[in-house]
Amino acid sequence: MVLKLHSMGNFNPIPVLAGAALFLLAPPGLAQQDVLILDDNVQFDADLGFDDSIFGGVFEDDAEDTSSWLDNFTIRISQQFFGQVNNHSVDLAPGFSFHREAETESNRLGLNVRYQNPFAPGWLLQASGQAKAYWKEDYEYGANGDRIDTDLRINEFFIQRSFGQNSIKFGRQTVVWGETVGNSVLDVINTSEFRDLTIIDIEDARLNQWMVVWDYFGENSDFSTFVNLYPDFNPAPVRGSPFFFEPPFNLTDYDRGSELLFEVGTQWRKSFEGSDIAIMAAYLFENQLRYEDPVSRIGDAVSKKNDFLLLGFSANRAIGKLLLNFDLAFSHNVLADSFNFPGTGSFVAPVDLRKDQIGTSFGFEYAISNEQSVSIGIQAQSLLDEDEGLLLGQALINDGVFGSWLVRYSNTLMNSDLVLSSTLQGGVDGDSLLALLSVDYTLNDNWAVNAQLISITASSDSPLVFLSEDVRIGATITYSF
Amino acid sequence: MIPNAERARKSRYSRTISYIDKERYVTLRVEMFDQYEKEVKRMLASRVELINDVWMARSLTMMNLVTNRLSNMAILEINTGIDVDDEFLTQRTLTDVAFRETELEKLRAQID
């Protein structure tokens with residue numbers, strides 16, 4: 001079916017319909033107040049036709065084949081400005097504070113390209129990448145010795161073959177197991193990078209990795225298995241970024257030498273009417289490296305990896321406009337003091353203990369109407385037998401129950417041209433709060449603008465304390481085709 | 001058409017009036033009323049044509065009488081009697097792009 005959709009702005013219905021007899025059917029005011037009950041055999045003499053010539057000669061146009069090899073590409077060019085605007089002081093401890101100046105953090109031009117080509121029956125090639133140029137006043141410009149810096153990155157890059165009930169994908173890709181939006185305890189397969197406050201959603205921060213993924217679509221249930229051929233770790237913060245802190249020793253990439261590292265996992269899932277369940281098991285490396293001081297006290301920090309086993313269960317249930325989500329994760333042999341705050345390294349006196357951890361994330365998504373939706377997610381984790389093995393006076397960073405909560409609301413207005421959204425995110429212990437207000441306005445099929453306001457409040461116990469009372473505003477203009 | 005109690009909870013319309021061509025079984029006009037009995041939307045059909053022995057309205061115009069906006073859906077080409085595998089109408093079609101494109105190609109082959 002070939003469809004063409006026209007949408008017209010404000011119109012005066014009277015002139016539009018003046019030539020049609022439609023309004024003659026109902027006496028004025030009748031439909032507004034009185035219920036009109038018609039006999040089954042009622043006959044209308046009036047012409048029910050509608051003159052659609054106001055939409056132009058769409059039916060007279062010859063259908064032309066306008067397909068092109070460029071159809072496989074989606075290209076987006078965007079210019080972004082972002083900065084911290086609140087001059088204030090941060091009190092780290094009694095008598096010790098530092099001043100935060102208002103400053104521009106991001107002034108960058110980005111090019112995002114996505115390519116998807118089902119080049120033969122059962123085959124698909126998909127790739128996406130980005131190029132960025134960092135202009136004056138961007139923190140990457142400063143980190144590059146006050147010179148324009150550029151950055152190229154391949155995100156997705158995989159080839160897929162689907163045959164019979166099987167599908168195999170090879171290449172850079174992501175594997176998402178969690179049901180809970182934003183902060184699932186099961187979404188620990190891919191690494192992530194929160195380089196700055198322009199990205200606060202995990203969905204945008206995930207990094208693709210080299211994997212083979214085999215999906216089997218059975219009659220009643222499905223299996224999905226992955227092998228990660230080159231496990232990566234969360235990148236260290238970029239110098240100059242809001243998350244960067246000057247460490248006593250340089251944080252370097254993991255030196256894997258000749259070690260053969262791999263991750264493997266499998267998921268079984270089954271769908272019921274209005275519900276899905278899944279169970280999964282995986283052998284993984286913790287995405288966050290733990291850094292230790294070099295023994296000689298000279299040189300780079302020593303990065304330490306840790307492998308662990310993950311067992312998980314997930315479920316969702318749709319009830320009308322409500323979608324309930326639930327995730328459960330049991331992790332065996334995680335490092336007890338892995339400090340997994342996004343984008344930062346763990347740089348504390350290490351407690352070299354491996355422990356079991358249990359975590360859950362749950363929440364719901366609710367469609368208030370076609371235009372409005374709200375979602376809530378809560379993540380909570382706890383180490384089992386957390387005090388066991390600790391020396392006198394030692395304490396874990398993550399003691400007790402730790403985790404985060406997330407609330408999102410969005411409202412679509414003006415026939416989807418205007419989208420207002422807000423996000424509130426905080427720790428379950430109540431020591432931090434991040435509030436985001438965002439406005440997206442679509443000017444036309446190509447141009448769109450976005451404005452954001454982000455405010456952070458954190459207590460001295462929170463790793464976000466360095467960003468406390470920061471207020472960031474930003475704007476992005478995007479051209480896509 | 002007045003929705004039953006369960007449907008009324010989900011619908012934004014208190015009732016709708018449909019004008020049906022009883023010879024051709026084509027909906028020509030639908031009036032949609034809100035809970036205050038005010039007509040808020042109106043759908044108008046035109047270009048009713050016999051396509052593969054099925055009467056169809058190729059032009060559907062939806063008028064929003066509250067915002068005074070209207071949209072038109074023009075059906076430029078439509079095919080009937082296509083064989084669709086049950087397998088195509090599964091969740092796999094949503095996630096497996098290579099599979100979806102293969103199945104869509106089978107459908108396209110039937111109309112070329």
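Take the contacts in chain B between residues at least 6 apart in sequence: 19% of them join residues at least 24 apart. Keep that figure in mind as we walk through the chain. One caution comes with it, as this is a predicted model.

How confident is the predictor in chain B? Its mean pLDDT is 90. Moreover, 100% of the residues of chain B reach 70 or more. The model as a whole scores ipTM 0.77 and pTM 0.81.

Now look for the helices and strands. Chain B has three helices and five strands. Follow the sequence and the pattern reads α-β-β-β-β-β-α-α.

Next, step back and see how the chain fills space. Which radius of gyration does chain B have? The value is 18 Å. A compact globule of 112 residues would have one near 13 Å. The C-alpha atoms of chain B fill a box of roughly 50 × 35 × 25 Å, taken along the principal axes.

Then consider the domains. Chain B is divided into two: domain 1 covers residues 1–79, and domain 2 covers residues 82–112.

Finally, turn to burial. How many of the 112 residues of chain B count as buried? The share is 20%. For this count, a residue is buried if 20 or more other C-beta atoms lie within 10 Å of its own.

Notes:
Residues are numbered from 1 along each chain as its sequence is written. Chains are lettered from A and ligands numbered from 1 in the order in which they are written. This is a predicted model: local features need pLDDT of at least 70, side-chain atom pairs count only at pLDDT 80 or more; totals for chains, interfaces and linings use all residues. Helices (H or I, at least four residues) and strands (E, at least two) are DSSP runs, numbered from the N terminus. The radius of gyration is taken over C-alpha atoms; the globule rule is 2.2 Å times the number of residues to the power 0.38. A residue is buried if 20 or more other C-beta atoms lie within 10 Å of its own, exposed if 12 or fewer, and partly exposed in between; C-beta atoms are placed from the backbone. Two residues are in contact if their C-beta atoms, placed from the backbone, lie within 7 Å. Domain bounds come from an automatic or database domain assignment. pLDDT is the predictor's confidence in each residue, from 0 to 100.
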